[in-house]
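This report describes selected features of one protein structure. Please keep the sequence and the three-dimensional view at hand while reading.

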Amino acid sequence: MTSADRAAAGAGPAARPDPVTGADLVSSAAAPAPVTWPAGVSAAACLTFDMDAEAAVLTADISSINRMTPMSHQSYGPLVGVPRILALLDRHDIKATFFVPGYSAHRYPRVVRRIAEAGHEIAHHSYFHENVIGMDEKTEAAMLDLGLRALNDVAGVRPAGYRAPMWEMNYHTPRLLAERGFAYDSSLMDSDHPYVLAVDETPGAGTLVEVPVSWGLDDWEQYAFLPGLIGTGVIESPAKALEIWTLELEAMHRLGAAFVLCCHPFLSGRPSRAEALDRLIERMKSLDGLWITTVGEVARHLGSLDLAPRTCPRPVLSADAYWVGRPPD
């Protein structure tokens, strides 16, 4: 359906084709509707932990493998942060989702098995936390398969969910995930509410449940300080992070949305930050009707609702936009 057809049907504005390329610039995207939650539930909250360990740094600069201090900073996550976080979750009787790169699973197999044995969800987070921006389909598929093999070999897990490294998806990524039997993704940022995502715009294309995220709910933006690596960053107070996350939690609870917090054990596993996380959990538990659960459980619920899939269409670049700032021939 063109945008002109949508307008005639009362579904959107008429087409505004670019005068040079003829491309229709009007987006066909629509905001997802609020979710119908299980009986007695008014909103959901998921605690998620990306166990990147050394992979997040090595994928940015492989020469860092010889830098002992940054490597020790990253290994703090599986060695100290994960055990502290597991104890915190156990104390609150909460199950979380751990997104684990295959490389991290191979490097810290006992830690990954401990996560699984504690009953938490283990999900896929690439193999080497590789930057997939512009990566071709064949290479990206091979990295997905390496990660699947690693999680199966280490913990006997076949993950249902995926989170893209640095939350960067290519437009072909959802289809690669669907072809491998993934049930959900948690990488996109276009909604407060989870929804069913069509893996491409072809009629009858496969689907995934999308459980959206936000950079504002990522501890990396608050705590990551890696001099000379991936930007220097600024170390914020855990009190500031707690305020930001609490305000977002309360607002999303009122909206009936899904609050998805993304933490990294090498960051949020530090003592004062873990205490801030503890206070956030206490606030979660005080909210009426808030379902504190794994991303996989949210995805399973969405999959049971028989929702119509939606797309995240690729923008069309107009000739005017394309030439702005480009030197003349």
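M166 lies in the loop between β4 (161-162) and α7 (173-179), where helices (H or I, at least four residues) and strands (E, at least two) are DSSP runs, numbered from the N terminus. The model is predicted: local features need pLDDT of at least 70, side-chain atom pairs count only at pLDDT 80 or more, and totals for chains, interfaces and linings use all residues. Residues are numbered from 1 along each chain as its sequence is written, and side-chain values use heavy atoms, with hydrogens and water left out.

The phi angle of M166 is near 55 degrees, a positive value in a residue other than glycine. W167, placed in the loop between β4 and α7, also has a positive phi, of about 55 degrees, although W167 is not a glycine. Are these residues buried, partly exposed or exposed? Buried means under 20% relative accessible area, exposed means over 50%, and partly exposed lies in between (1.4 Å probe, protein chains only). M166 counts as partly exposed because its relative accessibility is 39%, whereas W167, at 7%, counts as buried.

## The surroundings of E54

E54 is found in the loop between β1 (43-50) and α2 (55-58). With a relative accessible area of 4%, E54 is buried. Which residues does E54 touch, leaving aside its neighbours within four places in sequence? They are M71, Q74, S75, R107 and Y108, where contact means heavy atoms within 4.5 Å.

## Aromatic pairs

A search of the whole structure finds eight aromatic pairs. Rings of Phe, Tyr and Trp (its six-membered ring) pair if their centres lie within 6.5 Å; planes under 30 degrees apart count as stacked, over 60 as edge-to-face and the rest as tilted. The pair of Y162 and F182 is edge-to-face, because the ring centres are 6.1 Å apart and the planes stand at 65 degrees. Since Y162 belongs to strand β4 and F182 to the loop between α7 and β5 (184-185), this pair ties together parts that are 20 residues apart in sequence. Both Y162 and F182 are buried.

W220 and F266 also form an edge-to-face pair, because their ring centres are 5.8 Å apart and their planes are at 90 degrees. This pair links distant parts of the chain, with W220 in helix α8 (residues 220-223) and F266 in helix α10 (residues 265-268), 46 residues apart. W220 is buried at a relative accessible area of 17%, and F266 is buried at 1%. Elsewhere, ring pairs link Y103, Y127 and F128 into a cluster.

## Charges over rings

R163 lies over the face of F99, at 4.1 Å from the ring centre. R273 lies over the face of Y223, at 4.1 Å from the ring centre. A charge sits over a ring if NZ of Lys or CZ of Arg is within 6 Å of the ring centre and within 35 degrees of the ring normal.

## The chain as a whole

The protein chain contains 13 helices and nine strands. Of its 329 residues, 50% count as buried. Among contacts between residues at least 6 apart in sequence, 72% join residues at least 24 apart.
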